[in-house]
Amino acid sequence: MSTVLHETTTAAASTGSTRKRLREGAFGHARALACRECGHEVELGPSYACPECFGPLEVAYDFPTVTREEIAAGPANIWRYKALLPVPSDIEQSPNTEPGFTRLLQAHNLGRELGIDTLWVKDDSTNPTNSFKDRVVACALSAARELDAKVFACPSTGNLANAVAAAGARAGMKTVVFIPSNLEKPKQVNSAVYTDHLVAVDGNYDDVNKLASEIAGEEEGWAFVNVNVRPFYAEGSKTLGYEIAEQLGWRLPDQVVIPVASGSQLTKVDKAFRELVALGLVEDKPYKVFGAQATGCSPVSVAYKAGTDAIRPVKPDTIAKSLAIGNPADGIYVLDICRRSGGAVEDISDDEVRDGILLLARTEGIFTETAGGTTVGVLKKLVETGQLDPTLETVVINTGMGLKTLDAVADRVGPAATIAPSYDAFVASGVL
Ligand SMILES: *Cc1c(COP(=O)(O)O)cnc(C)c1O
Ligand SMILES: [Zn+2]
């Protein structure tokens, strides 16, 4: 279950293919793609499912020794961690959007409001296209380049389309992005400004995703960031975990709350923490991982609460469109990580999502999109239901930007008064 791009070195040699060979170090210290289920390893290339058991493939490495000093001396973007990513050592030479190293803010006001002693917000809304997706797309773009792809593409719930379209433009690659036709207008415009090849599909994300897999199977030379180069793409989310640890002074937090769409980000933040421990960059300690979903698309939370591993796909119906994946590929791994670590998966209503957006805005001056409203709202619910320990150091991840989902709160806020331009009118308005 792979191909479309050219074969990897050995395969190319064995078939006598004249296609471009992988260059030395194309994927940095990555060794192979390893099956998450059975451990079977295949060569690095455009493969995403295990040929033995159809389990998902994940990048495996032979890491070199890496020091905190080497990382700190790197650029203020995700490439400071390039030794831990499947990218070449000269990655900074290739045009990319250079995402990452976003701020980690101590959230005193939100913490006080929720009764949490030490709370941090990892604010990924300041990435180049205003969501955490720029991280994963930067890694996918590197893989697409090394594999000599002709087209850079994705099926998207919105933010991914923005990130792929921007990165593709900067890289000078032909870029095609597929979105559900009912997507928020700002997210459509945010993609269309970068590319003429925005395709709106009449269907939900899962339909768009299926179409992408079909095209990937039919067409040559397409790199679908979250389909056939998904293992490389997914590694980009590790940088969120690396940054949180580095910005805490090379420590792991006690608890972290992460939104769940496909579940990739949550599993990779956990992988990042474990890698940092294995590399001796942080001290080993227990930490709890919590997943956040909107009730209108909460297949992982439903399975968590039912105490089962069986995730039943749903038809999404929520304003949290960037989390609206009804059949989450990494859902079972999210369940495993949250259960094993002593965390939980929780969901909230669309009204609570709106409340979450306003809560973060009014306590910390951060305008998040519906995904962040979901995460903050779930954080609140986790405290109220006693699932999250408010005495432990907690990080909540804000993955996106409120300007992309204005409609979610547009009728909740607005001018307190509309007045004539006079002092008397202002006093009479009673605004203060
Ligand atoms: C894609 C996305 C997520 C979730 O990503 P997964 O890795 O698929 O779980 C969270 N927040 C925002 C804003 C996103 O765009
Ligand atoms: Zn396998």
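Modeller: A charge sits over a ring if NZ of Lys or CZ of Arg is within 6 Å of the ring centre and within 35 degrees of the ring normal. This is a predicted model, in which local features need pLDDT of at least 70 and side-chain atom pairs count only at pLDDT 80 or more, while totals for chains, interfaces and linings use all residues. Residues are numbered from 1 along each chain as its sequence is written, chains are lettered from A and ligands numbered from 1 in the order in which they are written, and side-chain values use heavy atoms, with hydrogens and water left out.

Colleague: Which ring does the charged end of Arg36 sit over?

Modeller: That of Tyr333, at 4.0 Å from the ring centre. Arg80 likewise lies over a ring face, that of Phe101, 3.9 Å from the centre.

Colleague: How is a pair of aromatic rings described?

Modeller: By the distance of the centres and the angle of the planes. Rings of Phe, Tyr and Trp (its six-membered ring) pair if their centres lie within 6.5 Å; planes under 30 degrees apart count as stacked, over 60 as edge-to-face and the rest as tilted. The count here is six aromatic pairs.

Colleague: Why is the pair of Phe27 and Phe232 stacked?

Modeller: Because the ring centres of Phe27 and Phe232 are 4.7 Å apart and the planes are at 25 degrees. Phe27 and Phe232 are both buried (under 20% relative accessible area; exposed is over 50%, partly exposed in between; 1.4 Å probe, protein chains only).

Colleague: Which residues form one aromatic cluster?

Modeller: Phe178, Trp222 and Phe224. Phe224 is buried at 0% relative accessible area, and Trp222 counts as buried at 13%.
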